[in-house]
Amino acid sequence: MLMTLTTTARPATDLGFLLHKHPQRARAFEVSAGTAHVFYPRADEQECTVALLLEVDPIALGERVSDRPYAASSLLAVALGSVFRTAMNGQCEQRPELAETAIPLRVHIPAVGGAQLVHRLFEPLGWQVAATPLPLDTEFEQWGDSPYVDLRLTGELRVADALSHLYVLLPVLDGSKHYWVDHTEVDKLLRVGAGWLAAHPERELISRRYLAHQSGFVRTALARLAESDEVAPQEWDTPEEDPAKPVPLARSRRQAVLEVLRETGAKRVVELGCGPGALLRDLVRDKQFTELLGVDVSVRALQLARERLPEQVELRQSALTYRDSSLTGYDAAVLMEVIEHVDEERLPALERSVFGSARPATVVVTTPNQEYNARYETLVTGRFRHADHRFEWTRAQFAHWADSVAAQYGYTVSYLPVGEPDPVLGPPTQLAVFTRQEGR
């Protein structure tokens with residue numbers, strides 16, 4: 001089975017930096033399904049194409065007469081993840097700015113299943129899709145088309161995003177996996193799909209097919225996706241809730257923060273770690289808030305936010321562990337699902353920059369309640385809800401941290417539950433409101 005990835009960005013040979021594979025060197029990698037070959041049919045300043053060719057031993061696969069060794073499937077996805085793992089993670093030490101840049105890309109997969117799904121799966125991600133049905137047999141046209149298509153994708157994306165789309169969606173198109181699916185597949189799906197899966201209109205279908213229709217895993221994946229604020233713009237704009245459906249935790253969390261900010265009377269608000277801007281979109285609709293600033297370390301998140309927010313919302317790139325004098329003077333600051341993404345040993349730097357330097361009158365902080373994780377059926381004890389979380393605190397741990405910060409920097413602190421609470425485990429999200437004491 002074969003896949004090619006082409007760019008015409010100048011110089012096109014930068015693709016080699018991004019993929020960590022030199023264009024002038026062909027390489028072979030042993031993977032679980034056989035041998036993966038990586039080579040460049042063309043590599044010059046104008047255009048560069050990398051090919052991934054997977055040779056599968058049908059006897060070792062246990063399928064002597066089968067299309068599995070030839071049509072793109074989970075076998076190719078596993079090879080892609082193994083060979084291009086660093087690139088898929090968005091890492092490029094020599095050219096970090098290149099890894100964050102969207103460039104023109106073309107993907108060609110000569111044979112892939114799921115003809116009825118390719119447009120539904122790839123177009124919402126920014127791809128232009130051309131899918132040409134493949135005949136069952138070119139010698140017998142009367143037999144009609146096979147279930148496979150020649151797939152060509154065109155778009156302007158980061159290479160890391162393109163690889164993550166293919167890694168997840170090839171098994172989804174295939175409809176089955178060649179290996180046993182267990183709880184680790186939920187973590188893998190959420191990790192690789194971070195930044196796009198939660199906002200995908202077909203996320204339920206993707207989760208169901210990727211997780212081999214195992215209902216417990218699918219429920220857990222969808223529940224954890226529902227916590228994400230990486231929602232599509234049309235979901236932000238939903239005028240009425242369906243009373244028959246539970247309110248997503250991400251929406252409950254934004255509503256709780258909005259209500260706290262309204263009660264404080266804040267007019268100038270900065271969201272620290274704003275991501276793609278879901279909370280800012282809610283705030284901009286309320287005339288109480290006259291000045292809004294979103295800050296994030298991720299260029300990609302800010303690009304998404306800029307596409308979704310009106311121009312009057314200011315956006316800025318900054319790291320929360322460094323003091324930034326431009327953040328002083330705001331009535332309120334929000335850190336919504338942010339602190340758990342910071343290494344615990346770096347939290348004191350975040351505390352100094354927010355509570356010591358910026359010193360807004362009100363600081364609102366939300367974070368997952370680790371005790372509530374027991375409610376997620378397939379989340380293994382000790383695992384976090386999100387692959388990028390550095391920690392998840394119990395209610396007692398969160399209160400200990402918040403009380404200490406308040407005492408050190410001259411704030412009082414109160415606590416609110418967010419989401420439907422469990423009588424023993426507490427709420428899924430915990431929220432702290434810090435209020436600055438005048439004169440301290």
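**Exercise 1.** Classify Arg 268 by its relative accessibility, then describe its salt bridge with Glu 291.

*Solution.* Step 1: Arg 268 has 25% relative accessibility, so it counts as partly exposed; buried means under 20% relative accessible area, exposed over 50%, and partly exposed in between (1.4 Å probe, protein chains only). This is a predicted model, in which local features need pLDDT of at least 70 and side-chain atom pairs count only at pLDDT 80 or more, while totals for chains, interfaces and linings use all residues. Residues are numbered from 1 along each chain as its sequence is written, and side-chain values use heavy atoms, with hydrogens and water left out.

Step 1: A salt bridge is a side-chain nitrogen of Lys or Arg within 4 Å of a carboxyl oxygen of Asp or Glu. In the bridge between Glu 291 and Arg 268, the closest N and O atoms are 2.7 Å apart.

Step 2: The pair links distant parts of the chain, 23 residues apart, with Arg 268 in strand E8 (residues 268-272) and Glu 291 in strand E9 (residues 291-296). Helices (H or I, at least four residues) and strands (E, at least two) are DSSP runs, numbered from the N terminus.

Step 3: Glu 291 is partly exposed as well, at a relative accessible area of 30%.

**Exercise 2.** State which residues are linked with Asp 44 in a network of salt bridges.

*Solution.* Step 1: Asp 44 and Arg 42 meet through their side chains in a salt bridge of 2.9 Å, N to O.

Step 1: Asp 44 is partly exposed at 25% relative accessibility, and Arg 42 is partly exposed at 35%.

Step 2: The network links Arg 42, Asp 44, Glu 47 and Arg 106. The structure holds 19 salt bridges.

**Exercise 3.** Count the helices and strands of the protein chain, then judge how compact the chain is.

*Solution.* Step 1: The chain has 16 helices and 14 strands.

Step 1: Its radius of gyration (taken over C-alpha atoms) is 24 Å, close to the 22 Å that the globule rule (2.2 Å times the number of residues to the power 0.38) gives for 440 residues, so the chain is as compact as a globular protein of that length.
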